Amino acid sequence: MQRAAALVRRGCCPRTLGPWGRSQSSAAAEASAVLKVRPERSRRERILTLESMNPQVKAVEYAVRGPIVLKAGEIELELQRGIKKPFTEVIRANIGDAQAMGQQPITFLRQVMALCTYPNLLDSPSFPEDAKKRARRILQACGGNSLGSYSASQGVNCIREDVAAYITRRDGGVPADPDNIYLTTGASDGISTILKILVSGGGKSRTGVMIPIPQYPLYSAVISELDAIQVNYYLDEDNCWALNVNELRRALQQAKEHCNPKVLCIINPGNPTGQVQSRKCIEDVIHFAWEEKLFLLADEVYQDNVYSPDCKFHSFKKVLYEMGPEYSSNVELASFHSTSKGYMGECGYRGGYMEVINLHPEIKGQLVKLLSVRLCPPVSGQAAMDIVVNPPVPGEESFEQFSREKESVLGNLAKKAKLTEDMFNQVPGIHCNPLMGAMYAFPRIFIPAKAMEAAQAHKMAPDMFYCMKLLEETGICVVPGSGFGQREGTYHFRMTILPPVEKLKTVLQKVKDFHIKFLEKYA
Ligand SMILES: Cc1ncc(COP(=O)(O)O)c(C=O)c1O
């Protein structure tokens with residue numbers, strides 16, 4: 001066990017292999033695997049070692065499931081074995097996985113999924129007719145009328161049509177073409193696929209990808225994997241994490257000295273920062289992209305998660321069209337949505353879509369070729385995406401229950417966003433910007449000089465040290481700000497607001513008590 005722990009600390013294979021790509025619920029199993037590492041028998045030197053492996057993959061980091069989560073898994077095992085702690089459970093507030101935190105699935109979505117998965121249920125009187133109608137339509141579009149068959153690589157045709165109809169409705173009539181819709185394995189897959197096509201060149205002409213700081217670490221991870229150049233632009237914390245075009249300009253000019261910046265990524269509403277961009281800001285960004293010839297990636301997976309009454313979600317696509325033909329027929333844009341967030345929280349289905357605008361026809365061919373290598377996204381995920389874009393409408397049997405459930409989830413998230421902001425701002429040494437959207441708080445924390453020294457002695461970043469202590473003393477698992485990027489000398493952590501209200505209140509109270517004690521201890 002000690003050896004395993006030492007390996008973890010040194011960053012050897014169990015740590016490196018541990019968290020990547022594993023499900024949240026298998027975290028305890030992960031920790032158990034780490035603890036069971038056996039001494040090696042003498043054997044031939046391995047072909048695949050840390051030295052010989054793909055250095056780009058080795059460089060990948062993904063804080064949301066990083067060492068702190070591994071530690072949380074170890075602590076859970078210790079609790080199971082009866083080891084006494086100052087708490088009785090680990091609360092995983094590290095990842096935006098709503099149903100893992102107790103959110104109930106939307107009934108209609110699950111009814112359609114059940115019918116699609118087991119079509120014999122289409123004869124059952126327990127399912128409403130509107131759910132059966134959706135399921136029949138999806139099944140008719142599947143090979144052999146079965147969810148178990150491969151689909152076209154771009155996705156099931158009628159689902160792409162439903163996505164296009166949804167976008168047109170959402171954007172007040174701006175047309176969307178099903179041919180520009182690609183169904184994906186969650187938004188992550190769409191983002192990494194389009195980046196794969198975009199990145200080229202060597203030396204100073206290597207593609208630079210502009211990403212916000214703080215960012216969602218998928219971006220830095222994919223950039224590392226592709227050996228592209230990460231170009232940071234900083235969001236303005238003093239101004240509720242707003243995106244400032246002057247900062248984009250600064251980052252771009254600086255980047256041009258060592259790479260070829262050609263992609264600009266925007267996350268709106270923001271993760272981890274929770275800001276919702278104003279229409280004016282989006283217009284400025286589009287103008288900037290047009291002027292500087294940048295390919296825009298708009299990550300809009302939180303488009304349903306807007307809480308502040310004075311904020312509204314504006315899609316990049318809509319604003320682009322409203323800016324007139326000079327922009328709408330020139331700016332290249334890919335935007336992304338997902339089944340994972342919003343009010344549905346169906347992360348496990350791995351459903352998503354990407355809409356591309358002004359993509360060169362030959363590149364569309366290349367994109368389909370690339371997608372076809374992986375055959376198709378999960379057809380169950382595509383079906384889940386269909387229900388998200390084609391929910392019950394007024395007059396349909398399930399409309400009332402669907403609306404009630406949707407409003408309840410979003411209403412609760414709005415309450416929890418306000419509660420979190422208010423509670424954090426009562427704590428000396430914590431400052432939290434308003435959580436306008438998404439599902440996270442990213443408060444700034446003051447870390448005293450003595451705590452920084454202690455962190456250094458443990459060879460940890462100060463915010464990692466803080467988060468480890470928080471986990472060890474309270475059982476609350478949050479992610480250090482360094483995993484998302486932050487201005488030098490500032491420290492943060494990211495916490496989801498997904499626990500149920502009463503549990504969230506307890507979590508916030510515990511963070512508050514911990515923080516006050518931490519300040520006293522290292523004063
Ligand atoms: C901003 C952002 N983009 C993309 C994703 C990935 O979502 P998906 O589950 O659809 O791959 C997430 C997940 O948390 C996210 O926060």
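Which residues does tyrosine 349 touch, not counting residues up to four places away in sequence?

A: The model is predicted, so local features need pLDDT of at least 70 and side-chain atom pairs count only at pLDDT 80 or more, whereas totals for chains, interfaces and linings use all residues. Residues are numbered from 1 along each chain as its sequence is written, and side-chain values use heavy atoms, with hydrogens and water left out.

Tyrosine 349 touches Leu109, Arg110, Met113, Thr339, Pro378, Ser380, Gly381 and Ala384, once residues up to four places away in sequence are set aside; contact means heavy atoms within 4.5 Å. Tyrosine 349 belongs to the loop that runs between β7 (333-338) and β8 (351-357). Helices (H or I, at least four residues) and strands (E, at least two) are DSSP runs, numbered from the N terminus. The C-alpha atom of tyrosine 349 is 9.2 Å from that of valine 379, a residue 30 places away along the chain.

Among the partners of tyrosine 349 are Ser380, Gly381 and Ala384, and helix α16 comprises residues 379-389. The axis of α16 comes within 9 Å of the axis of α8, and the two cross at roughly 30°. Here axes are lines fitted to C-alpha atoms, for helices over the stretch in contact, and angles run from 0 to 180 degrees between N-to-C directions. The crossing angle therefore makes α8 and α16 roughly parallel; angles under 35 degrees count as roughly parallel, over 145 as roughly antiparallel, 65 to 115 as roughly perpendicular and the rest as oblique. On the α8 side the contact is made by Cys158, Ile159, Asp162, Val163, Tyr166 and Arg169, and on the α16 side by Gln382, Ala383, Asp386 and Val389. By class, this contact of α8 with α16 has six nonpolar, one polar and three charged residues. Ala, Val, Leu, Ile, Met, Phe, Trp, Tyr, Cys and Pro count as nonpolar, Asp, Glu, Lys and Arg as charged, and the others, Gly among them, as polar.

A further helix pair is formed by α9 (residues 186-198) and α15 (residues 361-373), whose axes come within 11 Å and cross at roughly 125°. These two helices are therefore oblique to each other, and the crossing of α9 and α15 is right-handed. Thr193, Lys196 and Ile197 of α9 meet Ile363, Leu367, Leu370 and Leu371 of α15. The contact of α9 with α15 has five nonpolar residues, one polar and one charged.

Elsewhere, α5 packs against helix α19 (residues 462-474) at an angle of about 15°, with the axes 11 Å apart. That angle makes α5 roughly parallel to α19, and the crossing of α5 and α19 is right-handed. Pro67, Ile68, Lys71, Ala72 and Ile75 of α5 face Met464, Cys467, Met468, Leu471 and Glu472 of α19 in this contact. The contact of α5 with α19 has eight nonpolar residues, no polar ones and two charged.

Leucine 79 also lies in α5, which spans residues 67-80. Leaving aside residues up to four places away in sequence, leucine 79 touches Lys85, Phe87, Thr88, Glu89 and Val90. The C-alpha atoms of leucine 79 and valine 90 are separated by 8.9 Å, and these residues are 11 apart along the chain.

Most residues other than glycine have a negative phi, and most peptide bonds are trans. Cysteine 240 is not a glycine, yet its phi is positive, at about 55°; cysteine 240 sits in the loop between β4 (229-234) and α11 (245-256). The peptide bond from asparagine 268 to proline 269 is cis, with omega near -15°, and a cis peptide bond, with omega about 10°, also joins asparagine 271 and proline 272. Proline 269 is in the loop between β5 (260-267) and α12 (279-292), and proline 272 likewise lies in the loop between β5 and α12.

Key: Left-handed = near helix turned anticlockwise from the far one by under 90°.
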